[in-house]
Amino acid sequence: MMNVKRSFTSVSLIMLFLLAVSIFVPAESGSSSVAVKLRAAKHQDSIRIVLAADEAIVKSASVILTKNKAVIVDLHPAAEAGAERPTIAFETDKGALTGDVPVEIMNSVTVVAKGTGCIITIPKVEDIKVLKLQSPSRLVIDAFFGPAPRESAAVPQSLKPPAEQIPFRYIFVDAGHGGYDYGIRGKNYSEKDFALQFSRDFAAAFGKGGREAQLTRKSDQIMTLTERIAAINRKVPELLLSFHLASTKIPIIYVVPERPEAGMELPVASNGDQKKREMINSITAAIAAGIEKEFSVRPLKETLPLTLLVKSKAPAILVELPNPDEFSYEKKNRERLISTILKALATGAKEEKPVLPPTTQKPEPRPIEKSADRTEKM
Amino acid sequence: MRRQNKVSWKKKAVLTTFILMLAGLAGWLTSKHFLFPEERPLVEDSSKQGKVELPPMQSSEIKVPITLFYPAEDGLTKVEKTLSGGSVPVKLAESVLQEYFKGFSSDLKNTVVRGVYEDRNKVLYVDLSDDLRRHFSGEARYEYYLLKSIYQTLTTNIVEVRDVKILVEGREIDSLGGHVQILMPLRETVWY
């Protein structure tokens with residue numbers, strides 16, 4: 001009986017020891033931990049949230065404003081599946097973030113750690129502006145209670161088209177990708193961020209003189225093609241310009257193909273009628289000519305039934321701008337590029353040709369090359 | 001006397017329940033076999049079909065010439081190959097796709113074919129791993145021709161297929177790379 005009692009006691013002691021070890025030894029001793037300091041400050045029309053972290057973490061950070069007025073910060077979104085993700089240890093002035101317990105860092109502004117990031121809830125937030133700064137490396141999120149003030153692209157007077165020459169009053173500007181969809185990624189840029197910044201600048205430049213350019217997305221947010229199309233078709237603007245990045249310095253301008261013949265039982269582009277296509281073609285030609293003249297780069301024109309071009313009720317053009325690795329986007333060049341596109345809107349729409357009878361030719365099938373050196377092409 | 005009455009009431013209840021269960025079973029069997037005989041399933045599983053129609057040894061012995069299409073800058077390029085595979089469409093489609101992804105020099109070659117299914121309307125449902133979405137990076141035209149090459153590869157090699165629908169990890173996704181919607185089967189998308 002005594003033996004049984006003794007063995008029971010020793011088993012209990014071992015169990016207690018194991019329990020103590022599991023409590024005091026960090027659960028993820030094998031994985032690395034990254035410290036992130038989170039601070040918040042109130043300004044007149046905004047709240048500034050600063051997350052100080054390693055440069056690599058700041059670079060790969062993704063910030064999204066949801067419809068529920070929550071700012072989702074993901075600090076390590078690009079981790080490969082199966083790879084070990086570092087745990088993030090958030091420190092705030094009010095203490096460390098632990099588990100799912102929200103911490104109020106400011107009046108009614110709460111933060112809760114979630115996965116490899118955190119969720120910041122800011123009541124009445126309307127827009128955010130995200131900056132990735134260095135020395136020390138930090139992620140700065142300005143949360144505005146109204147539209148975020150944007151630095152409008154200062155277009156040189158010589159290149160600026162007179163306001164009355166642009167025939168459009170209300171257009172949509174679509175910044176490609178967003179959220180977890182990065183698009184093309186380079187050393188110091190991602191397509192989603194580039195497209196958003198360029199679209200904002202373009203919209204600001206277009207918006208002068210009583211015109212309006214509405215953005216499909218205003219921040220780094222996930223927006224599916226379905227949502228973009230719904231937003232555009234709800235308002236039916238006079239023109240849709242979608243900005244993306246090309247993989248080389250040669251820009252590519254995409255337009256919708258000719259409507260296929262009725263007997264072919266193929267889909268009909270909703271914006272593919274002859275009159276709209278004529279206008280698109282002349283604007284496209286003007287953009288191409290302008291870019292070639294200003295930057296000595298001849299853009300490619302592609303005719304493909306891309307979803308935005310086909311399903312938008314507004315005449316639509318998708319522009320893949322020169323890749324930043326091969327094209328300088330310093331302030332002056334960026335302004336010249338915006339100005340060139342604005343000018344093209346004025347000249348292209350003016351040169352719109354009369355409506356031609358619909359073509360009787362079937363669209364030519366795309367070339368299918370038989371190639372032995374296929375891998376080189378890819 | 002009262003106890004006897006109680007027992008007989010219990011017996012009656014058990015008997016009634018038993019009769020009702022028998023009647024229910026009979027009704028279910030009648031409806032299953034006579035009134036609503038089993039229809040062909042909407043979606044057919046490739047592995048199930050393979051097992052029923054072709055013994056594994058026989059399917060691996062068949063050499064099938066196939067044509068694979070790959071995205072290029074201005075269209076598609078094609079590559080002729082011979083494949084060991086079965087004659088069952090979904091099984092062949094799976095082998096063709098596996099061979100197709102092997103042909104990429106980029107990380108797209110890591111894409112795994114999770115399954116291939118065919119519905120009554122001859123639409124091939126192709127379930128691929130998330131590698132396809134994760135490793136895709138490129139211009140709009142590359143995304144378009146990538147989708148077109150998958151469609152073309154499958155419809156060229158599997159004669160009875162009318163359309164192709166892409167699923168990623170068993171789910172519908174809006175787009176691979178943010179340029180072309182793939183919520184619908186591909187035929188209406190890659191017509192140009």
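Visitor: In which order do the six strands of the open sheet in chain A lie?

Guide: The model considered here is predicted. In its chain A, six strands form an open sheet with mixed pairing. Strands of a sheet pair through backbone hydrogen bonds, either parallel or antiparallel. The order of the strands in chain A is 6-5-1-2-11-10.

Visitor: Which are the edge strands of this sheet?

Guide: An edge strand pairs on one side only. In chain A this applies to strand 6 (95–96) and strand 10 (127–133).

Visitor: Which residue stands opposite A:Thr92?

Guide: Strand 5 of chain A covers residues 87–92. Strand 5 pairs with strand 6 of chain A in the antiparallel sense, over two bridges. The residue of strand 6 opposite A:Thr92 is A:Gly95.

Visitor: Why do the buried residues of helix 4 of chain A line one face?

Guide: Helix 4 of chain A spans residues 225–235, and A:Leu225, A:Arg228, A:Ile229 and A:Ile232 are buried there. An α-helix has 3.6 residues a turn, so residues three or four places apart point the same way. Seen down the axis of helix 4 of chain A, the buried residues line one face because they fall within an arc of 95 degrees.

Visitor: Which exposed residues does the face of helix 4 of chain A turned away from its buried side carry?

Guide: The buried residues of helix 4 of chain A pack against strand 12 (170–175), strand 14 (239–245) and helix 6 (307–311) of that chain. The face turned away from this buried side carries the exposed residues A:Ala230, A:Arg234 and A:Lys235.

Notes
Residues are numbered from 1 along each chain as its sequence is written. Chains are lettered from A and ligands numbered from 1 in the order in which they are written. This is a predicted model: local features need pLDDT of at least 70, side-chain atom pairs count only at pLDDT 80 or more; totals for chains, interfaces and linings use all residues. Two strands pair if DSSP finds at least two bridges between them. Helices (H or I, at least four residues) and strands (E, at least two) are DSSP runs, numbered from the N terminus. A residue is buried if 20 or more other C-beta atoms lie within 10 Å of its own, exposed if 12 or fewer, and partly exposed in between; C-beta atoms are placed from the backbone. The arc is that of the directions from the helix axis to the C-beta atoms. Two residues are in contact if their C-beta atoms, placed from the backbone, lie within 7 Å.
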